[in-house]
Amino acid sequence: MQDWKKISGTALTVVSLYFWWLSDIGVASLVDPISLVVVIAPLAAATFFLTRFSNTKWPQAFWCLGLPLGLIGTTIGLMNMSANMDPEAFISAWPILLIITLYGALISAIGYFSLSDQQGISAESCKPSPL
């Protein structure tokens with residue numbers, strides 16, 4: 001069963017990379033420094049305090065905080081776009097909103113796969129540890 005999952009995952013990755021290679025989307029379009037800072041800065045501060053003052057490991061903090069921070073950044077961006085109410089601003093800002101959510105999801109994935117070596121991963125491990 002594991003071999004089937006590895007083969008299908010590899011095939012999906014190869015097909016995705018092939019279609020990306022055929023398109024005109026460059027790697028530079030996936031990098032937005034401001035969005036990266038919006039996700040990384042609060043994550044670094046929260047990870048520092050959680051690992052320092054509670055019984056939380058850094059992968060657990062990444063897994064639990066990555067996607068919510070990306071969604072908070074997306075919500076802040078949507079609120080700023082709504083205040084402007086310019087249709088051209090909506091069209092040009094959607095890729096950045098999706099990229100900031102992608103950054104949060106990638107950080108959560110890094111935390112999840114770093115924890116995957118340990119047994120018993122569940123939603124319960126996202127609960128904060130007692131101080």
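A crossing of two helices is left-handed if the near helix is turned anticlockwise from the far one by less than a right angle, and right-handed if clockwise. Helices here are DSSP runs of H or I with at least four residues, numbered from the N terminus. This is a predicted model, in which local features need pLDDT of at least 70 and side-chain atom pairs count only at pLDDT 80 or more. Residues are numbered from 1 along each chain.

Helix α2 passes α4 in a right-handed crossing. The two pack at an angle of about 35 degrees, with their axes 9 Å apart; axes are lines fitted to C-alpha atoms over the stretch in contact, and angles run from 0 to 180 degrees between N-to-C directions. On the α2 side the contact (heavy atoms within 4.5 Å) involves S35, L36, V38, V39, I40 and L43, and on the α4 side I96, I100, Y103, G104 and I107.

The end-to-end C-alpha spans are set beside the expected ones, 1.5 Å times one less than the number of residues.

| Helix | Residues | Span | Expected span |
|---|---|---|---|
| α3 | 27 residues | 38 Å | 39 Å |

Helix α3 has a kink of about 35 degrees at L65, shortly before the proline P68; the bend is the angle between axes fitted to the seven residues ending there and the seven starting there. Its buried residues (under 20% relative accessible area, 1.4 Å probe, protein chains only) include W63, C64, L69 and M81, and the buried residues of α3 pack against α2 and α4. In α2, S35, V39, L43 and T47 are buried, with α3 and α4 among what covers them.

Methods. Side-chain values use heavy atoms; hydrogens and water are left out. Buried means under 20% relative accessible area, exposed over 50%, partly exposed in between (1.4 Å probe, protein chains only).
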